[in-house]
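Here are my notes on the two-chain model you sent. Please read them with the structure open.

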Amino acid sequence: MLAFALRRAIWAIPTLFGVSLVVFLLTTLLPDPEAEAPIASGDVGARVRLEELRRARFLDLPRLLNVAPRDVRVTVDECTAHLVVGDVDARFCEERIARLGGAALPHLLPRLDDIPPAERGRIALALAPVARRMGIGEEADLTQPDRAALFWSRFWEDRSVDFTEPAVRRSVQRITARESDLIEQEIRLVDTFALRELMRSLGTTRDPAALARLTRMAAHVTGRSGVLEPTADRARTRAVVSEWLSWWYVHEADYVVLQGGEKVTASVAQTRYAKWVLGAVTGQLGLSTRDGLPIFDKLLARAPVTLGMALLALLVSSLVGVPIGVLAAWRRGHPIDHGTGAIILLVYSIPTFLVAELLATFGRASGAGFVLPVLALSTVSLSVMAQQQRASMIEVLGQDYVRSARAKGARTLRVVLVHALRNALVPTATIAGVQFPVLVGGAFVVEEVFDVRGIGWETLRAIESHDVAWIVAVTLLCAIVTTACLVASDIAYGLLDPRVRERQTRRQAS
Amino acid sequence: MSDRSSSPPRRSREPKASLPADDGRESIPLLLARPAHEPPPSSQDPAALLAGSRRPKTTPPQAPPPLAGIDWTDNPGAVTLRLGKIGFLVGALLLMLSIFADVVASDLPIACKVHGTVFVLPNVTRPHQLETMDRRVLAAEADWTIRPIVAHGPLLAPGDERVPLLAPTSAHPLGTDREGRDVFARVVHGTRSYLVFALAAVFASLALGVFLGAIAGLFGGAADALVGRIVESVSAFPPLVLVLGIQAAVPEPTLLTLFLAIALTRWPEIARLVRGEVMLASTRDYVLAARALGASPLRVLWRHIMPNVRAPLVVAGSVGVSTVVLTEASLDFLRVGAPAGAASWGETMSQFRDAPSAWWLLAFPGVLLVVTIVAYNLMGEALRNALDPRSR
């Protein structure tokens, strides 16, 4: 039995892969900000902003395969080349090298001597903001080209030992454990080189004081905001930390070097699709552009409302639909059957929003809270449940064992309710699993009418404000719920009916 | 997974001949009931005659539960067929209404003579000199006019009074909406946008579904697996959610993107259906015979396999129209569907949310919407009964 369930679950994996591809294609429908507003290459500030916009959606990465994944070394090489030539991109590259900071130094400073003096000076000048961030050097050392070049050569002679992973790891571990100005100073001196370790600790530490120190260091070296106060409450802590982690998720390649095997995995991992899928799997769904909250947290807050409502509606429609179906099957061909059939058809044909609107108009005075939305939603699946129950009941009532029970003198009521109903419920129970996602879809309409703050309500607000991250997340969530329900329903069918289990096992084996 | 049983398990139960449900009144035939494995009795069957004066009944094999929720197979066809005829009639009427929407409700007359010029069907051709003319001036200066049933278009025309939320009167038989536009005209013209849109979307999804389904069914193997995965992936999304997502993601949602989105959500069902039918038909002797006679695969597909697929497709298309209309109305109601200004039932109904006392905004488009959906569902049901002998 376990093997059967497992096999069915594994069969869902290709479907989930397809689902992720569909949603990924959905994201590629979105306009590229670069195409929308072409910017002169001289306007550095605008270019940086545009690049950030594009990178937040991984538009700088190739779609499915990255033959030449970037890391800090590649970026530094490129920027050095631009600076040496001094072309239009030079100013942009100056800005970029200053931003890369300490992480770029191990790839830049050792090669400084190979570069002709004039260009060397230009590169050294570009590094001035880094030195200011580190708090070293005098202004004259940084602003005069030849002195700056000398300053950085000396810096590298003195300090290259600090730019090693183990040293940085130790420092970050210490600063995580306790407050220490000395170590903070040490980390400042390696600048962004410490970011990888800082982010690693940020993701694992729970201590608010340590988080405050870590975010302070990270904000200092990157020049970003987002410093956590030691007194911050849990929600604020979560928001800030997840903001940092999602920033790191986007920008990691700027600050780390890919070595050996990492290069191979990066050719797959450093792609738009992989970044997006991995982000979705680990809950890094980005930030809502509507209110700046992490999408994942918003989903956690909104989804229970919608899923709960759908579950209640499923319960209600089963409790109403099954007796109707049983009654119609029992009195088959009787006016009762025809009457319920007509009602079922009508309920099936009335749009959910119309039912919801009518219930909302006539029931608003009663102030019944959650009852009316659930009632409105339950009409979505009511007719399907009743219809399925009727069909399976008719089939079971015609079977031999039912006839035997009657021949032995069992009362009609007992035959219907005890002998037949148990077996006739099996297909209905599995249909219920398939109906759940339909109800989730219907909930979008019902929530809007009754102003219930679930994912549907939120989605419609997101459409108004073009909050794409949320829409993508919700689409994905709905598809995953649907697939899970389908798998669960198939497994349940196998559990309840051994014949199905055997047939499916045989089929998949062949 | 190359046979019929590869459809979802709940549909693959073997057809069983079964007796009708017995209640107290029918206890005698129970004793004479035939064993389940015997062929169903025909009217000449002595066993059936023995069963008393009751008309011999055979219960059909269990078809998948019909979509529309009616399955009055006790008297196969009769009730369904009659209802289907009504549905067909109503559906045809709605189609007529959508074609002649301009004759029924338009701000311009059907024909008129103004300043010595005779205009024929200006409500369709919309000549410039009348289009820009104040409608009251037009009425006053025309020598004669043949007016449509309601003299308002779905939009405000020059010279129209802007009276928002007017209750039904003789000038505005179904009242006006919040913009002062005539609800009757908007409902009538909404029929056009809904039905034309639904038919187009259904045809597009049919084309795509038939193409991919036939490929999967004919070639099997890798093609089948690939199409199967695509079908599963697309149908993993609740249709409304996927359409919402697409409408939100495209830079400028238009009627075309809506059309593509809806067609995209509809085709997997068709592909699944066609694939099953093609696979089933491919194993038949007459197909083998055609192949043996040297017919090309395309000819086999077109002449010998497709005729089997046609009937279920007609049914799926008919039910599909009602589904698409429902989806479009829901989207319009949520104000994410048709572009602003276009006549649409959902948009008119959505105005009711801001003006809960204007019942006519909800009632008339709502009734028409339900009537449309019921009509196409009934039609599909009757067609299923008439065209698809296996489900009977």
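**Notes on the model**

1. Chain B, make-up. Chain B contains 15 helices and 3 strands. This is a predicted model, and local features are reported at pLDDT of at least 70. Of the 392 residues in chain B, 45% count as buried. Take the contacts in chain B between residues at least 6 apart in sequence: 67% of them join residues at least 24 apart.

2. Nonpolar cores. The largest nonpolar core holds 167 residues. Leu377(A) and Ala473(A) have the most contacts inside it. Helix 23 (residues 412-450) of chain A supplies the largest share of this core, 17 residues. There is also a second, separate core of 48 residues; Cys93(A), Leu100(A), Leu109(A) and Tyr255(A) are among its members.

3. Around Leu377(A). Which residues does Leu377(A) contact, leaving aside neighbours within four places in sequence? They are Met309(A), Ala310(A), Ala313(A), Leu439(A), Gly442(A), Ala443(A) and Val446(A). On helices in general, an α-helix has 3.6 residues a turn, so residues three or four places apart point the same way.

4. A helix pair in chain A. Helix 18 (residues 295-330) of chain A packs with helix 21 (residues 371-397) of chain A at an angle of about 35 degrees. Their axes are 6 Å apart. The crossing of helix 18 and helix 21 of chain A is right-handed. By class, this contact has 22 nonpolar, 9 polar and 1 charged residues.

5. Ile373(B). This residue sits in helix 15 (residues 359-387) of chain B. Is Ile373(B) buried or exposed? Ile373(B) counts as buried because it has 24 C-beta neighbours inside 10 Å, and 20 or more is the cut-off. Not counting residues up to four places away in sequence, Ile373(B) touches Ser322(B), Val325(B) and Leu326(B), plus Ser349(A) from chain A. Ser205(B) is 168 residues away from Ile373(B) along the chain, and the C-alpha atoms of the pair are separated by 19 Å.

6. Helix 12 of chain B. Helix 12 (residues 285-292) of chain B is hardly covered. Among its 8 residues, the count of buried ones is 0. Gly294(B) follows helix 12 of chain B, with a positive phi near 95 degrees.

7. Asp191(A), positive phi. Asp191(A) is not a glycine, yet its phi is positive, near 55 degrees. Asp191(A) lies in the loop between helix 12 (181-190) and helix 13 (195-204) of chain A. Why is Asp191(A) classed as buried? The reason is its 23 other C-beta atoms within 10 Å, against a cut-off of 20 or more.

8. Leu121(B), positive phi. Leu121(B) has a positive phi of about 50 degrees and is not a glycine either. Leu121(B) is in the loop between strand 2 (117-120) and helix 5 (122-125) of chain B. Leu121(B) has 16 other C-beta atoms within 10 Å, so it is partly exposed. That class falls between the limits of 12 or fewer for exposed and 20 or more for buried.

Notes
Residues numbered from 1 in each chain as written. Chains lettered and ligands numbered in written order. Predicted model: local features only at pLDDT ≥ 70, side-chain atom pairs only at ≥ 80, totals over all residues. Axes fitted to C-alpha atoms, helices over the stretch in contact; angles between N-to-C directions. Helix = DSSP H or I, 4+ residues; strand = E, 2+ residues; numbered from the N terminus. Left-handed = near helix turned anticlockwise from the far one by under 90°. Nonpolar A, V, L, I, M, F, W, Y, C, P; charged D, E, K, R; others polar. Contact = placed C-beta atoms within 7 Å. Core = buried A, V, L, I, M, F, W, Y, C linked by C-beta atoms within 7 Å.
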